[in-house]
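This report describes selected side-chain features of one protein chain.

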Amino acid sequence: MLALLIPVTIHDHGQFIMGLNRSELLLALVFLEYTYFVVKGWGYRFTFNLKVKAHFFYCLLLLVLLAVTVWISFFNTFILSATDWSQALWSWDFSLIKSTDSATMKNIWQLLFSALDAGIMEESARYIFLLTLLVMFAKRKGQAIYSILLSSVIFSLLHIFNFSTPGTTVNAVLFQVLHAFGFGCLLGTILLYSGKLWLPILLHAFADFLTLSLTPLGYGGSLLDNPHTGVIALIIVTFVPLIITIFVLLNNMAKKQIDKNINSLIEF
């Protein structure tokens, strides 16, 4: 499967440069640098990889969070081609994911760089949103949950602008908005629990890579177009991540780790 997804060598340097130019990867890297200087300018700590004392429970819960996030990424991709629930939930047809035959981008390097720039840009923005909200809610008991939920709401509402995309539908944009909220809850939780910005960046890039790599046949599903199954799909992408997030934040051991990481992030 990996051979279908990732090019092994650069066969055309012109395509590589063109793909880099057409993506916003360089802008994303500049924004990451901007995030660093903004956070440091505010007097707070910017950390790409906060050192955390790993113990069994910490590692187990982090693996669960990563597994749920990866599963949601696959669900969000294959729901676009699914005609029945098994195709969306677990019986995934990986032949529909082929970066060399993408329905949206013919330049494979543009596809790869676009997925990466989305991860860097949007997760850097999430870092700023979360840090700002954590400071705002520093005196409140629900500091972490308020910050994660509100940052996810901001992140999801930005996807309303996708209405300007030619050929888009209300159902498609609504799915993107609610998916962005649920996905944002997971990534925000992973960021605060692990203290590692690179983790949500990679997970976000992976999710975008899957969607961008769908072949033309990958958009022939009917579940989202059906009013009944469409509502169920919206519930899955919204409430599964939300329930996982609430569970983590209500767990005493997880909350203790998150609070410790938050203190490290917002201490002067």
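V231, I235, F239 and I243 together make a nonpolar surface patch of about 370 Å². The model is a predicted one.

Is L242 buried or exposed? With a relative accessible area of 16%, L242 is buried. Leaving out residues up to four places away in sequence, L242 touches L149, F181 and C185. For L242 and V70, 172 residues apart along the chain, the separation between C-alpha atoms is 15 Å.

H179 counts as buried, at 10% relative accessibility. Which residues does H179 touch, not counting those up to four places away in sequence? They are I72, N76, G184 and V237.

Y193 is buried too, with a relative accessible area of 1%. When its neighbours within four places in sequence are set aside, Y193 is in contact with F57, Y58, L61, L62, L65, A254, Q257, I258 and N261. Y193 and K255 are 62 residues apart in sequence, while their C-alpha atoms are 8.2 Å apart in space.

**Salt bridges**

How many salt bridges does a search of the whole structure find? The search finds 2. They are set out below.

| Salt bridge | Closest N and O atoms |
|---|---|
| R126 with E123 | 2.6 Å |
| D259 with K255 | 2.9 Å |

R126 and E123 belong to helix α6, residues 108-136; being 3 residues apart there, they are separated by about one helical turn. R126 is buried, with a relative accessible area of 2%, and E123 is buried, with a value of 0%.

D259 and K255 both lie in helix α11, residues 252-266, where they are 4 residues apart, about one turn of the helix. Why do D259 and K255 count as partly exposed? D259 has a relative accessible area of 26% and K255 one of 34%; both count as partly exposed because buried requires a value under 20% and exposed a value over 50%. K255 is also the residue whose C-alpha atom lies 8.2 Å from that of Y193.

**Aromatic pairs**

By the ring-centre rule, the count comes to 17 aromatic pairs. One of them is formed by Y36 and F46, with 5.5 Å from centre to centre and 85° between the planes, and is edge-to-face. This pair links distant parts of the chain, 10 residues apart: Y36 is in helix α3 (residues 25-41), and F46 is in the loop between α3 and α4 (56-78). Y36 counts as partly exposed, at 34% relative accessibility. F46 is buried, with a relative accessible area of 16%.

F74 and F206 form another edge-to-face aromatic pair, at 5.6 Å centre to centre and with 85° between the planes. What does this pair tie together? F74 lies in helix α4 and F206 in helix α9 (residues 198-212), so the pair ties together parts that are 132 residues apart in sequence. F74 counts as buried, at 10% relative accessibility, whereas F206 is partly exposed, with a relative accessible area of 29%.

F74 and F206 also belong to one aromatic cluster, together with F78, W92 and F94.

Note on methods:
Residues numbered from 1 in each chain as written. Predicted model: local features only at pLDDT ≥ 70, side-chain atom pairs only at ≥ 80, totals over all residues. Heavy atoms only, no water. Phe/Tyr/Trp six-rings, centres within 6.5 Å; stacked < 30°, edge-to-face > 60°. Helix = DSSP H or I, 4+ residues; strand = E, 2+ residues; numbered from the N terminus. Buried < 20%, exposed > 50% of the residue type's maximum accessible area, 1.4 Å probe, protein only. Patch = residues over 30% accessible without salt bridge, like charges linked within 9 Å, V, L, I, M, F, W, Y side chains within 5 Å. Areas by Shrake-Rupley, 256 points an atom, 1.4 Å probe, with all protein chains shown as cover. Salt bridge = Lys/Arg side-chain N within 4 Å of Asp/Glu carboxyl O. Contact = heavy atoms within 4.5 Å.
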